[in-house]
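Hello,

Here is the structure I promised to hand over. Please have it open while you read the notes that follow.

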Amino acid sequence: KISVETQRDEINSQQLFPVIVDRDPELNFEVDSWIMKILWFPLRLFFNMLPAKLGGKIFTAFSGPQGDTRTVHRWATTYKAVEVPYTYPKRRAQGKTNFSDDFWENFLLSARGVRNRLKIVKRELTVVIKDIQTKKETVKLVSLGSGSARGVIEVLAQLKDSCSIHTKCIDLSRKALQFSQILAIEHGITRMEWHRDYAHNIRKYCMSFNPDIIEMVGLFDYYEGEQAINLIQECYQVLSSGGWFIISNAAPNFERPFFTKGMNWPLIYRTPKQLAEILLRVGFVIKKIIREPLKVHTVIIAQKVA
């Protein structure tokens with residue numbers, strides 16, 4: 001049930017790929033109405049024009065010591081900052097947020113976009129796991145740059161009674177891996193390993209593992225140039241024949257200046273076309289190019305075809 005709205009983007013000289021703006025009603029995406037886009041535009045433009053120091057002060061002005069904006073600003077680029085928007089809906093329902101939290105979590109395209117991305121990744125990961133399960137007794141999954149691995153763990157929890165899944169999480173942050181372990185225990189997940197290492201060392205953990213799926217969501221936002229190409233090549237090499245690759249990347253968007261300066265969060269931005277070209281260059285076959293409704297993130301589902 002993917003969107004009615006599509007656009008065509010020329011990825012290379014031989015092939016056209018549909019870039020799908022996902023509007024699956026079952027996922028209950030967070031979106032902007034046209035009225036809200038018009039009303040919020042002047043304020044977003046104002047924030048974008050602010051210098052970094054002033055933008056940061058405004059962003060954190062009314063946050064408590066453990067408030068959302070102070071946590072994001074202090075821990076930008078880490079799992080702690082990503083967990084803030086992920087957990088916001090639940091915390092708000094429990095009455096654990098304040099006015100500042102509610103304003104920024106609903107105003108920022110980046111906060112709502114990352115929650116939209118999580119919903120897409122969970123759906124697509126479920127689809128490929130079920131596809132592999134029809135062919136293999138045990139599905140082997142690697143979450144690369146896993147952070148909290150919240151999306152992976154929540155999918156595993158939904159499928160644990162019907163699928164045999166062996167998962168490896170690789171991340172450089174010891175605290176992220178520790179948090180992920182706690183999250184897995186809370187969800188009753190057992191067949192899961194955690195390894196502290198650089199992402200480009202993935203081959204070390206896949207010598208006899210041969211993953212059927214590699215999920216790399218959020219990590220590629222920090223790779224550029226040949227380093228980015230090399231990382232994708234490593235993923236391609238270790239994937240089993242017919243294996244699936246789920247990757248995301250932040251796309252250029254109107255909020256980018258404030259996200260970089262005011263929120264203290266620099267990223268490597270790529271259009272869907274640029275991300276797809278990297279995967280094609282390495283040898284992947286692209287199956288889906290999906291943009292979440294706010295168009296802040298792109299998710300690509302690719303496959304290693306024998």
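Two strands count as paired if DSSP finds at least two bridges between them. Please keep in mind that this is a predicted model.

With that in hand, let me start with strand β9, residues 297-303. Strand β7, residues 244-250, pairs with β9 in the antiparallel sense over seven bridges. In that pairing, A250 stands opposite H297 of β9. Strand β8, residues 285-291, also runs antiparallel to β9, and six bridges join them. There, I286 has A302 of β9 as its bridge partner. The hairpin of β8 and β9 has five residues between the strands, and K295 takes a positive phi near 60 degrees in it.

How many residues of β9 are buried? Seven of the seven are, so the strand is largely enclosed by the rest of the structure. This holds for both faces: H297, V299, I301 and Q303 point one way, T298, I300 and A302 point the other way, and all are buried.

Now the cysteines. A search of the whole structure finds zero disulfides. C206 is in no disulfide, and its nearest cysteine sulfur, that of C235, is 8.6 Å away.

Best wishes

Technical notes:
Residues numbered from 1 in each chain as written. Predicted model: local features only at pLDDT ≥ 70, side-chain atom pairs only at ≥ 80, totals over all residues. Heavy atoms only, no water. Disulfide = S-S within 2.5 Å. Buried < 20%, exposed > 50% of the residue type's maximum accessible area, 1.4 Å probe, protein only. Helix = DSSP H or I, 4+ residues; strand = E, 2+ residues; numbered from the N terminus.
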